Amino acid sequence: MLESIKKLIPVRLFKALQPAYHFLMNLAAAVWYRFPSRKMIIIGVTGTSGKTSVVYMIARMLNAAGYKTGLTSTSIFSDGNREWLNNKKMTMPGRFFIQKMLRQMVKNGCRYAVVETTSQGVEQFRHSYIDYDVLVMTNLYPEHIEAHGSFEKYREAKGKLFAHLKTCRTKYINEDRRVVKPESQLKKLDLLRVVKTIIVNGEDENAPYFLNFWAEAKIVYSLTEKVSVAALSAKMASEAIVKDFSIVRGNNVEASGIGTKMTIDGHPINLKLLGEFNAANALATAAVGLNQRLKLAQIKAGLEEIRGLAGKMEVIDAGQNFTVIVDYAFEPEAMIKLYQTCEFIAHNKLIHVLGSAGGGRDKAR
């Protein structure tokens, strides 16, 4: 029905009406599914690379800690009860899908939802009626430039998500981390308020930009000693500096053909994931865990039980006498990391089968 109506509208007029169309569609979806994000703690993950892995790792960590968690990402969807591959060809599908997924998570008793949030999804207001509590920025480098027009506009699109955090509803949870509505001001004293938090990769040169947005708590994570709260604070506006501003540090990263070792705040972590880049993903995940009051022992247990991510350095074993790895990497920086990881795996010859990325939407690739 909608497709038929769209065909009747002149192209120029339709483009002018698109923002209003997307906004109203997302409002309608939120109303239809009764604003499900208000019933869970919502963690949004964005960035140029690593976000799909971080979404999955956060969800697995929270599940391992005993908190049922749903997720939506480029590769996988989960409603808390079942998990399946993303067959929508979009990270943030429209047409009511995200709100419907969140409602199903609520129905299934999820305490958390982890939502991979893209710049194009933000431009189409798909984030607008999701009440986020924690936002994670993995990194930022040029991508989707044809869609956004420039790197600055791409960054600004990401920035709209962080600006949105200030408008999100304040939530209260009980001891079981279930979001509940306080019966009175007095009853709030018996509950824990969910602190609106921004978590940023401190090594990214765009970190100060995102840390300048409003939040009640801010966390940076880093694998180097060069990054410090003091140095980042010096690049932030005075009104953006908060008392609850901390750093989660990782060290001693050692990648091999069987996994990646590292320490987080001095605690050894043995990841069963290939690729040194997963150390940064694990550190971002740990920052979320610490923010949600998990103990490092719980974080360690959750991270170490993850044995693979769909489409992310995924080893395919069908009985063949050679190794096959599937990796959703198409940006130059991601490919460099892919080849660096392959150096750790014994091989005589390396054959890379590379397909078109994004269906031709980003010709620069």
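This is a predicted model: local features need pLDDT of at least 70, side-chain atom pairs count only at pLDDT 80 or more; totals for chains, interfaces and linings use all residues.
Residues are numbered from 1 along each chain as its sequence is written, and side-chain values use heavy atoms, with hydrogens and water left out.

I begin with strand β1, residues 41–46; strands (E, at least two residues) and helices (H or I, at least four) are DSSP runs numbered from the N terminus. Six of its six residues are buried, so β1 is largely enclosed by the rest of the structure. Buried here means under 20% relative accessible area, with exposed over 50% and partly exposed in between, for a 1.4 Å probe and protein chains only. On one side lie Ile41, Ile43 and Val45, and on the other Ile42, Gly44 and Thr46.

Which strands pair with β1? Pairing requires at least two DSSP bridges between two strands. Strand β5, residues 112–116, runs parallel to β1 and is joined to it by five bridges; there, Val114 is the bridge partner of Ile43. Strand β6, residues 134–137, is also parallel to β1, with four bridges, and its Val136 stands opposite Val45.

I turn now to the cores. A nonpolar core is a set of buried Ala, Val, Leu, Ile, Met, Phe, Trp, Tyr and Cys residues joined through side-chain atoms within 4.5 Å. The largest has 44 residues, and Ile43 and Ile264 touch the most other members. Helix α3, residues 51–64, supplies the largest share of this core, eight residues. A second, separate core of 37 residues includes Val122, Cys168, Ile198 and Met236.
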